[in-house]
Amino acid sequence: MSGLLVTGLGVVAPTGVGAEAHWAALLAEQPAIGPIEGFDTSPYGVSLAGQIPGFDPAEHVAPQLMVQTDRWTWTSLAAATLAAQDAAYEPPEDAYATSVFLASGSGGNEFSQHEIQGLWAKGPKSVGAYQSIAWFYAASTGQISIRDGYKGPSGVVVTEGAGGLDSIGWARRVTRRGTPAVLVGGTEAGICPYALLCQATSGRLSTATRPEDAYKPFDRRANGHVIGEGGAILLVEEPSAARARGASKVWGEVAGYGATHDAHHHEDPAPDATQYARAIRLSLADAGVAPEDVDLVVADAAGTPELDALELQALAAVFGGRATPVPVTAPSSWTGRLMAGGSALNVATALLAMRDGIVPGIAHLDDPVDAPGVDLVRHPRVQDLSTVVVVARGFGGFNSSIVLRRHTGEM
Amino acid sequence: MTAGQRRVVVTGIGVLAPGSIGREGFWDMITAGRTATRRISFFDPSRFRSQVAAEVHFDPRALGLTANEVFRNDRFVQMAMIAADEAVADSGLTFGAGGALDAPDPDRVGVTLGTAVGATMRLENEYVQVSDSGTHWLVDPRYATGFLHQALVPSCGATELAVRFAAHGPASVVSTGCTSGIDAVGYGSQLIEDGDADVVIAGASDAPISPISMACFDTIRATTANNADPEHASKPFDARRDGFVMGEGAAVLVLEELEHARRRDADIYCEVSGYANRCNAFHMTGLRPDGIEMAEAIRLALEQSRVDPDEVGYVNAHGSGTKQNDRHETAAVKRSLGDTARRVTMSSIKSMIGHSLGAIGSIEIAATALAVQRGLVPPTANYEVPDPECDLDYVPNVAREQKVDVAISVGSGFGGFQSAIVLAHPERRMP
């Protein structure tokens with residue numbers, strides 16, 4: 001049985017707006033992490049983030065919609081449009097045939113901070129009419145459904161950083177039950193004072209002030225991560241429906257998915273990576289793929305020594321028996337971690353890599369840690385890619401894995 | 001649904017709802033027609049348009065949480081944990097061990113927790129501290145407590161339940177606004193149907209009785225302004241209705257694959273035989289009066305259940321008590337059930353416990369499951385003046401004995417989400 005086909009990519013990321021801009025920046029090894037603009041970050045001990053350069057929401061969102069929505073939703077609306085355009089997707093006559101099933105992480109942060117600020121400074125009447133629809137975690141999904149007229153079974157999943165992959169997992173349940181096309185993925189916008197403070201309390205953010213010192217996954221000087229904004233929305237379609245509408249482009253096939261939870265501690269990861277490895281094995285079994293057949297792993301790359309070591313342990317457990325080490329890359333090292341948007345963006349990046357047969361490298365990997373059985377990719381590399389595994393973790397112990405396969409069938 | 005598909009049953013229920021503690025207290029209250037809507041006590045509501053809410057008065061320590069669990073978690077997570085403890089105890093399952101009929105393999109246990117607004121109460125309380133009551137946009141980290149990352153991202157609720165019950169299967173928070181509580185149970189059922197879990201701890205929780213949540217519904221006049229008579233402020237389907245009453249609470253169900261439940265001879269409340277969700281793609285808060293998309297969700301959920309509309313006996317309504325909702329929903333039930341709409345009973349427990357946003361869907365599923373199990377349908381309280389546009393049997397004010405083979409619970413929410421879930425009596429479905 002053939003899996004869902006990815007037929008459209010919509011990328012709005014620190015590396016660029018549009019899949020090709022993002023991909024070109026990755027291959028050119030252009031860092032997208034820089035000093036936080038817009039407010040003074042000195043109280044927070046965190047000064048860097050991946051911000052989207054030149055993102056003008058007015059180019060993507062109608063003025064009356066812009067005032068009702070947070071920056072997070074602007075990036076979602078833009079990414080959804082880009083995905084549909086990339087797929088040349090015309091909404092079918094049956095409005096129920098398209099779903100929006102996104103991952104969400106932190107909601108409409110900056111909008112909400114303004115409203116709570118006004119409430120406490122000036123009183124309840126200062127709260128505007130749009131707070132109730134701009135902040136909540138389903139805002140972007142609802143707005144895309146309304147703007148684009150999609151009436152299929154829509155949903156919102158929150159599993160922190162694993163969300164982008166889990167939205168694809170849920171999309172498979174949606175298509176199994178008869179809805180042929182689903183917008184998946186998600187974006188995030190948490191670079192405002194309160195959301196930054198909240199994220200900083202995780203203790204996992206780098207306090208370095210130079211990008212080359214800050215987010216260094218798998219490096220001996222790894223010291224935390226840098227946050228970023230944006231993400232990716234993808235259109236996935238049931239193969240016969242894609243064929244029936246004459247879809248001309250297929251990025252790849254979602255061949256397998258697996259998800260587990262550490263169920264170990266409310267914030268610390270399990271010390272043995274057993275459940276992380278199991279999620280990867282579940283996705284491989286689901287796809288009918290052996291570890292030997294995997295050409296590349298796109299890592300979660302948490303960027304703390306402990307979490308990186310656990311990820312390498314999980315990868316070694318699954319891929320350690322291979323004759324050759326499994327290539328592993330971490331494109332988030334260029335953008336920062338985009339929470340729910342990050343794992344969705346990694347899926348887009350994996351499909352771009354598959355198309356061109358080029359693996360992007362890991363940023364600022366100067367002095368790699370020991371990684372038995374794993375081949376950490378330091379610079380862009382030409383390599384034929386048929387099967388790519390994307391893995392992700394969410395704060396608190398969520399583990400997810402997706403197997404992407406090059407689409408070989410005819411359309 | 002295809003033949004031979006794995007089927008899902010409810011084997012445990014836990015509830016923490018306004019005006020009561022625990023499942024049986026909740027059931028006694030709603031079947032007695034008592035209301036828990038009162039003037040807000042959590043903060044001084046005098047500057048707010050709507051000053052009424054249905055609060056849960058509970059002591060988390062007395063209900064089994066440790067000091068650390070209370071300290072690190074927002075109220076919505078605390079309520080979810082308490083409801084989950086009751087549901088798990090009720091199910092007779094033992095979690096974490098595996099290897100016995102009543103001890104499922106931990107790798108095969110999942111969690112789906114719904115919430116509309118997550119840890120909004122904690123986020124607001126902390127904001128007041130770090131911004132000095134809204135004085136500083138550049139918030140001061142010196143006044144922040146820990147656990148704000150968890151507050152920011154509500155997946156912490158699913159993590160707490162997964163850790164609590166050693167559930168190593170798929171876990172997620174479902175956040176589709178006011179349909180979250182139905183969708184969380186629907187997704188949990190799909191996990192079992194699709195073979196990804198044998199047992200799922202599924203439910204929802206919300207704690208939105210805080211200034212920012214009250215204020216944001218004030219400005220759009222979605223909540224009641226009937227502050228003079230809080231106990232009768234929630235009036236679903238009544239011509240005098242003027243908005244919903246904010247509520248809070250949690251309900252958690254233990255969902256179990258039918259054969260798994262049968263092998264251990266478990267007591268079964270009901271089968272979750274169908275679930276569907278549709279979007280109206282119309283407006284974030286507005287509803288067209290025709291109810292087409294909700295009717296479509298109901299039709300599909302019945303189709304999955306392989307149930308004809310005329311077999312439906314009870315509809316647990318969304319019944320929020322806003323002008324537009326109750327009309328919309330009445331139209332949807334007529335459109336989907338046809339002539340049967342005239343015969344079914346249809347009630348809104350929001351008349352008694354208010355509208356707890358994402359949580360209410362699971363609380364209403366709990367009420368529906370108990371109604372199916374016990375042959376007693378809870379009433380719509382405060383129903384006195386009929387509305388010509390709402391002309392079905394809303395079970396006014398007094399519970400009614402009724403053998404229910406098939407029941408539907410529906411929900412509608414901001415974003416245009418419309419959800420329906422079908423519960424069937426075990427004897428009807430399992431000869």
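**Figure 1. The residue after helix 6 of chain B.** In this predicted model, in which local features need pLDDT of at least 70, side-chain atom pairs count only at pLDDT 80 or more, and totals for chains, interfaces and linings use all residues, Ala166(B) follows helix 6 of chain B and has a positive phi, near 45 degrees. Helices (H or I, at least four residues) and strands (E, at least two) are DSSP runs, numbered from the N terminus. Residues are numbered from 1 along each chain as its sequence is written, and chains are lettered from A and ligands numbered from 1 in the order in which they are written.

**Figure 2. Strand pairing between the chains.** Strand 6 (residues 155–158) of chain A and strand 5 of chain B run antiparallel, joined by 2 bridges; strands pair if DSSP finds at least two bridges between them. Val158(A) has Val173(B) as its bridge partner.

**Figure 3. The side of chain B that touches chain A.** Contact (C-beta atoms, placed from the backbone, within 7 Å) links 73 residues of chain B with 67 residues of chain A. Helix 8 of chain B gives the largest share of this side, 7 residues.

Technical notes. Contact = placed C-beta atoms within 7 Å.
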